[in-house]
Protein chains: 6
Amino acid sequence: MKKISAWFRIILLSIIIHSASASDSDPLQDYCVPRPDLSPIFLACKNSSLVTVEDFVFSGIKSAGDSKKTGFSSIPVTAAVFPGLNTLGVSFVRADFEVGGVNVPHYHPRATEVAFVVEGKIYSGFVDSKNRVFAKVLEKGDVMVFPRGLLHFQMNVGNSRASIIGSFNSQNPGLVKIPSAVFGSGIMEGVLEKGFGLNAKELSKLRKKFSS
Amino acid sequence: MKKISAWFRIILLSIIIHSASASDSDPLQDYCVPRPDLSPIFLACKNSSLVTVEDFVFSGIKSAGDSKKTGFSSIPVTAAVFPGLNTLGVSFVRADFEVGGVNVPHYHPRATEVAFVVEGKIYSGFVDSKNRVFAKVLEKGDVMVFPRGLLHFQMNVGNSRASIIGSFNSQNPGLVKIPSAVFGSGIMEGVLEKGFGLNAKELSKLRKKFSS
Amino acid sequence: MKKISAWFRIILLSIIIHSASASDSDPLQDYCVPRPDLSPIFLACKNSSLVTVEDFVFSGIKSAGDSKKTGFSSIPVTAAVFPGLNTLGVSFVRADFEVGGVNVPHYHPRATEVAFVVEGKIYSGFVDSKNRVFAKVLEKGDVMVFPRGLLHFQMNVGNSRASIIGSFNSQNPGLVKIPSAVFGSGIMEGVLEKGFGLNAKELSKLRKKFSS
Amino acid sequence: MKKISAWFRIILLSIIIHSASASDSDPLQDYCVPRPDLSPIFLACKNSSLVTVEDFVFSGIKSAGDSKKTGFSSIPVTAAVFPGLNTLGVSFVRADFEVGGVNVPHYHPRATEVAFVVEGKIYSGFVDSKNRVFAKVLEKGDVMVFPRGLLHFQMNVGNSRASIIGSFNSQNPGLVKIPSAVFGSGIMEGVLEKGFGLNAKELSKLRKKFSS
Amino acid sequence: MKKISAWFRIILLSIIIHSASASDSDPLQDYCVPRPDLSPIFLACKNSSLVTVEDFVFSGIKSAGDSKKTGFSSIPVTAAVFPGLNTLGVSFVRADFEVGGVNVPHYHPRATEVAFVVEGKIYSGFVDSKNRVFAKVLEKGDVMVFPRGLLHFQMNVGNSRASIIGSFNSQNPGLVKIPSAVFGSGIMEGVLEKGFGLNAKELSKLRKKFSS
Amino acid sequence: MKKISAWFRIILLSIIIHSASASDSDPLQDYCVPRPDLSPIFLACKNSSLVTVEDFVFSGIKSAGDSKKTGFSSIPVTAAVFPGLNTLGVSFVRADFEVGGVNVPHYHPRATEVAFVVEGKIYSGFVDSKNRVFAKVLEKGDVMVFPRGLLHFQMNVGNSRASIIGSFNSQNPGLVKIPSAVFGSGIMEGVLEKGFGLNAKELSKLRKKFSS
């Protein structure tokens with residue numbers, strides 16, 4: 001019986017782990033905390049008698065991620081790492097910047113972001129679909145909104161570390177970082193050479209840099 | 001001509017100021033900053049050439065509201081006070097607590113809330129629709145989620161001031177504070193006496209307290 | 001084989017019974033009647049060849065619930081008891097009132113309600129988020145709408161029994177009854193004492209009354 | 001000034017009366033009762049200080065419409081006739097049947113319907129998109145659901161008058177009656193002859209019957 | 001073990017094949033290609049490492065369906081036949097017409113359609129819910145839009161074959177063909193005789209024609 | 001009077017032309033064709049008696065745009081140029097490629113795209129949010145789907161002109177072309193140098209190329 005059980009769980013897991021469906025629309029119940037033994041699942045809610053307050057509290061962004069190497073670190077907290085968010089239509093992120101650190105141009109395909117400056121001076125902006133930049137230096141306590149799907153970026157222009165908390169109106173906003181998505185993903189050379197007006201050598205350098 | 005213009009604006013304003021429609025669904029454009037001269041409007045976007053970065057930055061929660069008298073203060077930032085949020089499906093709030101200060105049981109009819117503890121020790125919880133309480137003491141850096149439409153509450157149980165930033169997945173989440181909505185709104189005595197098992201004197205005391 | 005089957009069903013049930021996902025948005029098919037042997041499920045539709053007209057007809061509100069003891073009874077009919085509603089974005093309720101019976105202040109976190117008076121004279125109202133009450137005595141044939149998420153209440157002010165049919169624009173509108181959610185759920189005393197301006201004795205009486 | 005005012009109102013009315021936009025998604029405020037002097041409008045909410053309980057109560061379906069001539073009458077109550085429904089995502093209808101009266105095959109493009117039998121015996125059914133009929137005789141107190149966009153129909157098969165209250169999860173569900181939409185709208189003969197396998201004479205008879 | 005596996009898959013399949021839930025709202029992830037071995041499923045996404053470009057390309061409408069017999073053929077491509085569309089909120093159809101061929105009056109309960117004329121002259125139109133027809137002859141390169149849920153129809157009025165590509169804003173728009181839904185589904189005679197003003201003989205002829 | 005009318009229209013226009021609100025959710029009426037004299041408006045529908053079939057037919061993509069200079073041309077058809085699409089949740093585009101022509105990496109923030117190859121051989125692909133490329137050469141009659149918000153691109157790899165018709169599930173999908181949004185919009189040098197690992201000279205060359 002044990003054996004079957006194990007085999008059963010593997011199949012179930014493989015089905016459920018990648019399941020999806022749904023959307024960030026109105027929930028159909030108060031909450032739907034995924035079963036912890038099958039986590040992360042987005043199909044099967046825990047029996048509500050097993051749900052505790054810990055399912056709705058997240059303590060993983062008390063300290064910054066490691067930004068030593070690149071000058072920037074981020075800890076995205078979606079329903080994948082904080083299952084209690086499942087079906088609730090929200091998620092969040094902590095971002096930390098060394099002096100001069102940069103959050104490269106990126107966008108979230110499925111959410112608007114509200115960014116609160118916890119500390120530091122951060123040049124922060126977005127580009128609308130007419131190629132206009134809206135950017136300025138934010139200070140502690142400032143809040144900026146990045147409309148859904150638009151390119152945005154940030155840079156620590158102060159002389160001490162900086163930190164931001166961002167909130168999203170989706171449980172899984174998605175993240176597309178332009179440099180790696182364009183130059184590190186393997187798009188055919190011809191498309192990139194013509195698209196960016198680069199010669200083979202220039203392109204090759206960029207591709208090397210961003211291929212993982 | 002001046003006269004007509006003034007008269008025209010009054011009519012227009014009276015129409016538009018209270019306009020509404022729409023919903024927190026997908027936006028139909030990058031953003032829709034309401035015209036500043038007719039603000040707050042939710043119908044007519046500013047010509048995008050008049051939109052500036054200031055439309056997307058809010059600096060009004062750098063310092064706490066006044067919580068001296070009641071022990072608690074909050075600064076809700078919806079599209080009504082930060083017009084750039086219009087159509088973007090997000091808003092936020094800053095809440096500050098004196099020692100022992102209480103954010104009374106309340107709910108937001110149109111949004112889930114994510115609460116970040118900026119400083120302090122805050123007992124924080126919500127009640128699901130089966131009357132179960134999920135509550136615990138949060139500390140600096142903790143994050144708690146309050147599912148859409150559910151009753152929640154907070155109390156500063158530390159020995160210094162406390163502060164929270166909350167985010168909502170609606171540009172206008174709404175706020176129903178239970179004590180004043182129930183006892184300060186003028187619901188017929190009979191309903192409240194029977195509903196809460198109060199006698200006339202007890203009810204009268206509560207009504208006096210919460211009527212404004 | 002039998003054994004495994006039983007065991008399999010138990011696991012499956014425990015997963016599915018509490019499943020959720022989805023939302024009251026546009027359906028993806030004509031209907032999705034949950035499989036009866038695994039009911040209530042909101043994931044797996046019955047094979048449509050097994051669906052019959054009985055799946056779409058509900059006969060359980062032909063007579064009133066028992067309102068003798070408290071003066072009020074209600075029979076909520078959501079997708080949990082009428083599975084054919086699954087994915088269709090609607091549900092309903094029958095409420096019956098003895099003379100003087102009260103439907104205590106409550107709200108539905110996920111739906112607007114339309115209430116039809118089938119018989120009787122019913123004082124009926126709601127409170128908006130500015131604490132204004134909108135209430136009046138409804139008579140047979142009157143219809144009143146309670147906007148999504150707002151507090152509402154009813155009382156039979158006639159001299160015979162009264163009855164109402166309510167309709168919701170969600171398959172699971174949720175129900176938060178204020179007296180029991182606030183005083184019967186176990187919210188920490190300090191929060192309630194400060195929040196409602198009650199002393200320990202007054203609060204204790206209310207808590208006793210509404211704790212189940 | 002009077003003149004201009006009149007002229008102004010005419011323009012405004014002509015713009016606003018046919019306005020629309022929006023959708024049955026989450027509301028952005030508690031309610032949005034259209035301004036009564038410009039009704040029906042779906043853009044400009046009344047100043048909430050002018051809103052009264054009468055805006056949320058409808059008394060126009062206390063008695064049946066006139067079903068003498070055709071055996072059937074219906075009073076649809078959408079936001080167009082009950083403005084308080086604006087943005088709330090619900091509407092309703094009263095239908096009355098003489099003995100043998102028929103509610104012809106029709107559908108609502110934008111809503112699911114829940115039908116409550118107030119009195120009488122009503123054969124009631126719908127057709128799914130695989131052309132299966134789900135139909136049965138409903139009696140007083142029975143409830144049937146018609147999924148969004150599917151063809152449905154009703155017939156009084158009892159020997160006394162019958163009456164139904166229907167509820168919709170849209171403020172404007174729409175109504176397409178098949179006989180008049182197909183044969184009374186002026187679709188080119190060739191399409192109907194080939195589509196229904198009718199000869200010119202048969203078609204002509206049907207078109208005469210349903211052209212208004 | 002083999003046996004159990006087979007039996008397990010049958011159960012799982014029977015559950016999943018008819019599953020549904022969800023809706024055409026915002027996706028919760030980039031894509032969710034259903035597992036191919038359990039297809040068509042709308043619950044369990046393939047592990048993304050198994051997803052290939054072939055999951056997002058469809059080659060089944062390169063040539064026309066067989067329109068010889070009836071003068072018309074259509075190949076609807078929904079998520080059921082092109083699983084990669086799952087959760088993406090789109091689908092499409094290819095329709096081909098012999099000279100004089102007719103696409104009978106029909107509607108899609110869950111989508112607006114955009115129709116591109118690839119070749120030919122096609123009389124094309126729809127009926128709004130006030131029974132007004134909007135129709136004209138479209139030529140190669142013309143595009144016409146059919147609003148969600150409204151009756152529409154097409155006829156090849158040129159003297160060569162015609163072809164159309166239609167796109168929908170739902171992964172499963174649904175299709176209700178009026179002639180067969182009304183006369184071929186088995187709706188009770190009384191309803192149709194009264195509804196369409198047909199005598200028993202006329203009705204019988206129509207029913208015979210459209211019953212399958 | 002004339003004067004006022006002109007002045008009135010200017011104000012009205014300036015308000016309405018940039019209005020927006022709304023969303024691609026369920027429409028609230030059959031259609032809402034904007035008033036032609038105030039076009040493009042998304043608030044005020046034409047009186048339906050003034051609506052004609054021409055409002056629902058678009059003939060502007062019968063021939064290709066001019067792709068001589070750059071090798072690529074596109075004609076996006078949103079509600080802005082085809083007002084009848086307003087509230088219907090769909091739009092489309094025609095794209096034409098010279099031999100070797102490239103549609104640069106871009107994305108649509110608010111829609112999934114379905115692309116039909118009308119003629120030619122087109123290398124076509126997208127990048128998911130894990131930086132995986134899904135690409136292949138499409139031929140006449142092939143259909144490819146690009147999930148909402150993901151980067152995609154195309155290149156004519158055949159030896160004759162190529163042409164595509166794309167459909168979107170939004171009336172205004174938006175378009176962000178990466179090369180010009182990143183290098184032609186004026187994002188601060190520091191962000192781009194660090195973000196892409198470019199030196200000042202390399203960056204300057206790219207900025208010159210894409211600044212308009």
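I count helices (H or I, at least four residues) and strands (E, at least two) as DSSP runs, numbered from the N terminus. Before the entries, I note that this is a predicted model, in which local features need pLDDT of at least 70, side-chain atom pairs count only at pLDDT 80 or more, and totals for chains, interfaces and linings use all residues. Residues are numbered from 1 along each chain as its sequence is written, chains are lettered from A and ligands numbered from 1 in the order in which they are written, and side-chain values use heavy atoms, with hydrogens and water left out.

Entry 1, chain A.
I looked up the secondary structure of chain A and found 4 helices and 11 strands. I then took burial, where buried means under 20% relative accessible area, exposed over 50%, and partly exposed in between (1.4 Å probe, protein chains only). Of the 212 residues in chain A, 64% are buried. For contacts I used heavy atoms within 4.5 Å. Among the chain A contacts with a separation of 6 or more, 66% join residues 24 or more positions apart.

I looked up helix H3 (residues 189–196) and helix H4 (residues 200–210) of chain E, which pack at an angle of about 110° with their axes 10 Å apart. Axes are lines fitted to C-alpha atoms, for helices over the stretch in contact, and angles run from 0 to 180 degrees between N-to-C directions. H3(E) is therefore roughly perpendicular to H4(E); angles under 35 degrees count as roughly parallel, over 145 as roughly antiparallel, 65 to 115 as roughly perpendicular and the rest as oblique. I listed the residues making the contact: E:Glu189, E:Leu192 and E:Glu193 from H3(E), and E:Ala200, E:Leu203 and E:Arg207 from H4(E).

I placed D:Ser67 in the loop between strand S1 (57–58) and strand S2 (72–77) of chain D. D:Ser67 counts as buried because its relative accessibility is 1%. Leaving aside neighbours within four places in sequence, I found D:Ser67 in contact with D:Phe72, D:Ser73, D:Asp96, D:Glu98 and D:Arg161. I also checked D:Ala95, which is 28 residues from D:Ser67 in sequence and 9.2 Å away in space, C-alpha to C-alpha.

I placed D:Gln154 in strand S9 (residues 151–156) of chain D. D:Gln154 has a relative accessible area of 3%, so it is buried. Leaving aside neighbours within four places in sequence, its contacts include D:Phe97, D:Val102, D:Asn103, D:Tyr123, D:Phe146 and D:Ile164.
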